[in-house]
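This short report looks at a few local features of one protein chain. Please keep the sequence and the structure in view while reading.

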Amino acid sequence: MKRAVIPPEETARQRAYEQKILALRQGGLAHVVTYGCQQNVADSQQLRGMLAAMGFGFTDDPAQADLVLLNTCAIRDNAEQKVYGALGRLTHIKERRPDLLVCLCGCMAQQERVAEKVRRSYRLVDLVFGPQALWRFPELLYEVLTKKGRVFSIENERGAIAEGAPVVRDSAVKAWVSIMYGCNNFCSYCIVPYVRGRERSRSPEDILAEVEGLVRDGYKEITLLGQNVNSYGKDLETPLDFAGLLAQIDQIDGDFWLRFMTNHPKDTGDRLFAVMAKSRHIAPQLHLPVQSGSDRVLRAMNRGYTRASYLEKVRALREKIPQVVLTSDIIIGFPGETEAEAMETISLVEEVGYDALFTFIYSPRPGTPAAEMPDPVSREEKQVWFQRLLDAQNRFSAQRHAAYVGRKVPILVDGLSGDEAWPLSARTPGGRLVHLQGPAEAVGRFAQADIVDSNTWALFGHL
């Protein structure tokens with residue numbers, strides 16, 4: 001399949017729309033809210049970059065804003081309800097200030113059922129567009145401003161790569177770099193392939209140039225993003241797999257840590273582990289979502305691996321990188337899952353011994369195969385299974401973190417915490433959170449920390 005790349009003249013046209021809006025409005029304040037995953041965070045940084053080019057400043061107070069942009073998530077029902085709640089609160093602000101511009105974008109906005117609900121019930125929303133139209137934000141906003149009407153752009157586009165958008169990053173220490181977009185896996189519970197389109201890879205030249213620029217600008221932690229980074233490069237004319245891309249980035253000179261997410265177990269293996277093991281910059285950390293420990297449930301989820309093959313990958317990883325910090329995602333209560341199958345998941349968690357987990361009770365997503373599956377188990381029973389999972393993982397996380405106490409560990413001081421007792425926030429190479437005592441001038445530096453305490457979720461130390 002030929003790669004879909006937006007021609008430079010088309011992206012230049014978007015930059016021209018930014019200048020038109022700058023001339024039309026002469027400034028204003030924007031309030032940008034991001035829901036969901038790291039890819040949404042990276043998308044919001046591009047959207048803020050475009051807004052800044054249009055002359056907008058930024059505010060944390062929606063009541064002071066001239067434009068509010070909600071970048072939404074569709075992965076769970078709870079995320080959608082938060083967005084509807086935010087729109088309800090914005091209704092009162094718009095009643096007082098009819099000129100307020102309200103924009104809804106992201107994965108939730110891409111769904112036809114959501115767009116129709118917004119069209120009918122949330123008339124305060126002026127602009128709705130999905131992830132695949134993000135690069136056209138300046139043009140769409142210009143249409144809202146000049147035609148004085150609502151604009152919806154949620155066509156089921158193929159999806160493309162658009163380079164050259166401005167970016168306003170959240171931090172001067174840590175940066176997200178998207179290396180690919182979309183997903184081809186179609187896990188039966190997941191809406192992402194339907195709203196973000198098919199997999200498409202950025203060129204290695206563009207990725208390397210972006211990372212080199214970030215290193216020159218002093219960024220110390222760079223995280224590569226994709227729905228499944230292990231699929232990177234399959235659509236490139238000159239084949240280059242993800243391990244090969246990592247090896248090229250690792251050759252960049254500078255003092256920085258390199259992370260990446262998310263990985264799919266079916267595509268993760270020895271070649272990646274070998275590149276990680278001998279690298280200068282790649283952090284000893286891997287997020288490897290297993291979702292379930294039951295082979296039957298994994299088949300129903302369309303995950304493409306078995307419990308045994310997953311465990312074999314974990315063993316191979318730890319042989320190559322004994323100090324690796326391993327995390328995962330777990331879904332409890334998938335449709336048709338029995339108590340015995342949920343306990344298989346807990347037994348896998350205990351066998352692997354993860355450093356941390358991201359855990360969820362299954363949330364049906366309309367439009368996915370799993371949403372049509374029989375689901376006879378009550379939410380209350382699923383909650384009991386879920387609590388057993390949390391208890392098992394919390395015990396192990398606490399033990400893992402307690403083993404750090406009394407040790408001196410390398411860290412990157414990445415920000416201020418707002419906590420007087422532990423004013424600094426830091427991360428270990430494996431991504432463990434450290435609440436730290438030390439001066440504010442340490443932010444942005446690599447250092448050593450003496451770990452003096454721990455709990456289930458974090459470490460505590462002195463610079």
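## Partners of strand β15

In this predicted model, strand β15 (residues 408-416) and strand β18 (residues 446-454) run antiparallel and are joined by 5 bridges. To find this pairing in the structure, one may look for P410, which stands opposite Q448 in β18.

Strand β15 is also joined to strand β16 (residues 424-427), again in an antiparallel arrangement, and here the number of bridges is 4. In this pairing V413 stands opposite A426 of β16.

## A cis peptide bond

Where in the chain can a cis peptide bond be found? Such a bond joins M261 and T262, and its omega angle is about 5°. T262 belongs to the loop that lies between β11 (257-261) and α10 (270-277).

## Two residues with positive phi

Q26 has a phi near 55°, which is a positive value in a residue other than glycine. This residue, Q26, sits in the loop between α1 (8-25) and β1 (29-34).

Q291 likewise is a residue other than glycine with a positive phi, in this case near 75°, and Q291 is placed in the loop between β12 (285-287) and α11 (295-301).

## Buried or exposed?

Is Q26 buried or exposed? Because its relative accessible area is 65%, and exposed means over 50%, Q26 counts as exposed.

The relative accessibility of Q291 is 6%, and since buried means under 20%, Q291 is therefore classed as buried.

Notes: Residues are numbered from 1 along each chain as its sequence is written. This is a predicted model: local features need pLDDT of at least 70, side-chain atom pairs count only at pLDDT 80 or more; totals for chains, interfaces and linings use all residues. Side-chain values use heavy atoms; hydrogens and water are left out. Two strands pair if DSSP finds at least two bridges between them. Buried means under 20% relative accessible area, exposed over 50%, partly exposed in between (1.4 Å probe, protein chains only).
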